[in-house]
Amino acid sequence: MNEAVTTLYILQNLGLTVFFVGLIGFERQRKHKIAGLTTHVLVALGAAALAILSRQMMYDTFQLALSVDADFAGNIVVENTRIIAGVITGVGFLGTGAILKTNSNVYGLTTASTLWISAIIGIIFGMNYVILGIATSLFALIALTLVKKVFSHPISRYQSENDNFEDDE
């Protein structure tokens, strides 16, 4: 990485995060799920901001090392993946709060999954992998909207046989 994070970089990547994760959040809100548009966008924005911060911290570390001693800069190891791992772990705990189990019913699995993928999309855009972020967003939307309509999956058959089963869709 040889350049600092600019204002344009920040606005572009946060804007892409809001737009694409907003589509996922809108889909969840339209189905009246516990985590809707606002929750998904906030989770993704936090993840994207931390990814951008990680990138800037890496740049600042290299710049500091170069200013001290150019030979020393080659020995610097930056662990920017720790921030990303922390985000994924934290969102996993947040998603766990969205999952409810009552008697034999489980609710919220899809909502927890969409919160998790929203954070990942935020990280992807925050790290400036725009094509990957767009593709991941589109595939997540396809999974949420079209897959259940196109394929008759086993849950649908199980649902019709058991009145106690409720899918999170």
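**Helix packing and aromatic contacts**

In the predicted model, the axes of α4 and α5 cross at roughly 160° and come within 8 Å. With an angle over 145° counting as roughly antiparallel, α4 and α5 are therefore assigned to that class. The crossing of α4 past α5 is right-handed. On the α4 side, the contact is made by Ile-84, Val-87, Ile-88, Val-91, Leu-94, Gly-95 and Ala-98. These residues meet Thr-111, Ala-112, Leu-115, Trp-116, Ala-119, Ile-120 and Ile-123 of α5. By residue class, the contact of α4 with α5 comprises 12 nonpolar and 2 polar residues, with no charged ones.

Helix α4 (residues 81–98) also packs against helix α2 (residues 37–68), at an angle of about 165° and with the axes 10 Å apart. The pair α2 and α4 is therefore roughly antiparallel as well, and α2 passes α4 in a right-handed crossing. From α2, the residues involved are Val-43, Ala-47, Leu-50, Ser-54 and Met-57; their counterparts in α4 are Ile-83, Val-87, Val-91 and Leu-94. The contact of α2 with α4 contains 8 nonpolar residues, 1 polar residue and no charged residue. Val-87, Val-91 and Leu-94 of α4 take part in the contact with α2 and also in the contact with α5.

These helices belong to a protein chain with 8 helices and 2 strands. Along the sequence, the order of elements is α-α-α-α-β-β-α-α-α-α. The protein chain has 169 residues, of which 34% are buried. Among the contacts with a separation of 6 or more, 66% are between residues 24 or more positions apart.

The structure holds 2 aromatic pairs. In one of them, the ring centres of Phe-19 and Phe-20 are 4.9 Å apart and the planes stand at 90°, so the pair is edge-to-face. Phe-20 has a relative accessibility of 10% and therefore counts as buried, the cut-off being under 20%. Phe-20 also pairs with Phe-125 in a stacked arrangement, with 5.8 Å from centre to centre and 25° between the planes. This pair links distant parts of the chain, as Phe-20 lies in helix α1 and Phe-125 in helix α5, 105 residues apart. Phe-125, like Phe-20, is buried. Phe-19, Phe-20 and Phe-125 together form one aromatic cluster.

Most residues other than glycine have a negative phi. His-32, by contrast, has a positive phi near 60°. His-32 is located in the loop between α1 (7–30) and α2. The relative accessible area of His-32 is 72%, so His-32 is exposed. Asn-128 likewise has a positive phi, in this case near 75°. Asn-128 is placed in the loop that connects α5 (109–126) and α6 (130–145). With a relative accessible area of 32%, Asn-128 is partly exposed.

Methods: Residues numbered from 1 in each chain as written. Predicted model: local features only at pLDDT ≥ 70, side-chain atom pairs only at ≥ 80, totals over all residues. Heavy atoms only, no water. Axes fitted to C-alpha atoms, helices over the stretch in contact; angles between N-to-C directions. Helix = DSSP H or I, 4+ residues; strand = E, 2+ residues; numbered from the N terminus. Parallel < 35°, antiparallel > 145°, perpendicular 65-115°, else oblique. Left-handed = near helix turned anticlockwise from the far one by under 90°. Contact = heavy atoms within 4.5 Å. Nonpolar A, V, L, I, M, F, W, Y, C, P; charged D, E, K, R; others polar. Buried < 20%, exposed > 50% of the residue type's maximum accessible area, 1.4 Å probe, protein only. Phe/Tyr/Trp six-rings, centres within 6.5 Å; stacked < 30°, edge-to-face > 60°.
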